[in-house]
Amino acid sequence: GTVGGAPTTVLVAGDDADAKAALVAAVQAGGLKAVDAGSLARAHELEALGFLQLTLAVGEKIGWTGGFALAN
């Protein structure tokens, strides 16, 4: 749930505003931070972040429970 003391940020992309709002609410209810990343067209960029995280974990650069946080 945290990365370096900051809440883990879940990036949400989709074309259905109601579905995104429901997912953001569920994520926040779970104690994480959620950011609307835009339309479903952004999904490939979010998938690339996930692949980067897995690649870093396989290479033992980060732990398997590592994640990303957004800082303001």
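Guide: Let's start with a term: a polar contact is a pair of N or O atoms within 3.5 Å; within protein, one must be able to donate a hydrogen and the other to accept it, and residues adjacent in sequence count only if both atoms are side-chain atoms. Please keep in mind that this is a predicted model, where local features need pLDDT of at least 70 and side-chain atom pairs count only at pLDDT 80 or more, while totals for chains, interfaces and linings use all residues. Residues are numbered from 1 along each chain as its sequence is written, and side-chain values use heavy atoms, with hydrogens and water left out.

Visitor: Which side chains does a polar contact of 2.9 Å join?

Guide: Here those of lysine 20 and aspartate 36. Lysine 20 has its place in helix α1.

Visitor: What counts as a helix or a strand?

Guide: Both are DSSP runs, numbered from the N terminus: helices are H or I with at least four residues, strands are E with at least two. This chain has two helices and four strands, and from the N terminus on they run β-β-β-α-β-α.

Visitor: Is lysine 20 buried or exposed?

Guide: Buried means under 20% relative accessible area, exposed over 50%, and partly exposed in between (1.4 Å probe, protein chains only). Lysine 20 is buried, at 14%. In α1 the buried residues are Lys20, Val24 and Val27. They cover an arc of only 65° around the axis, so they sit on the same side of α1; the arc is that of the directions from the helix axis to the C-beta atoms.

Visitor: Why do residues three or four places apart point the same way?

Guide: An α-helix has 3.6 residues a turn, so such residues point the same way. On the face of α1 turned away from the buried side you will find the exposed residues Asp18 and Ala29.

Visitor: What do the buried residues of α1 pack against?

Guide: Contact means heavy atoms within 4.5 Å. The buried residues of α1 pack against β3 (9-13) and β4 (33-38). Leaving aside neighbours within four places in sequence, lysine 20 is in contact with Val12, Ala13, Gly14, Asp36 and Gly38.

Visitor: And what happens at the ends of α1?

Guide: Aspartate 16 caps the N-terminal end, with a side-chain oxygen 3.0 Å from the backbone nitrogen of aspartate 18. Just after α1, glycine 31 takes a positive phi of about 90°.
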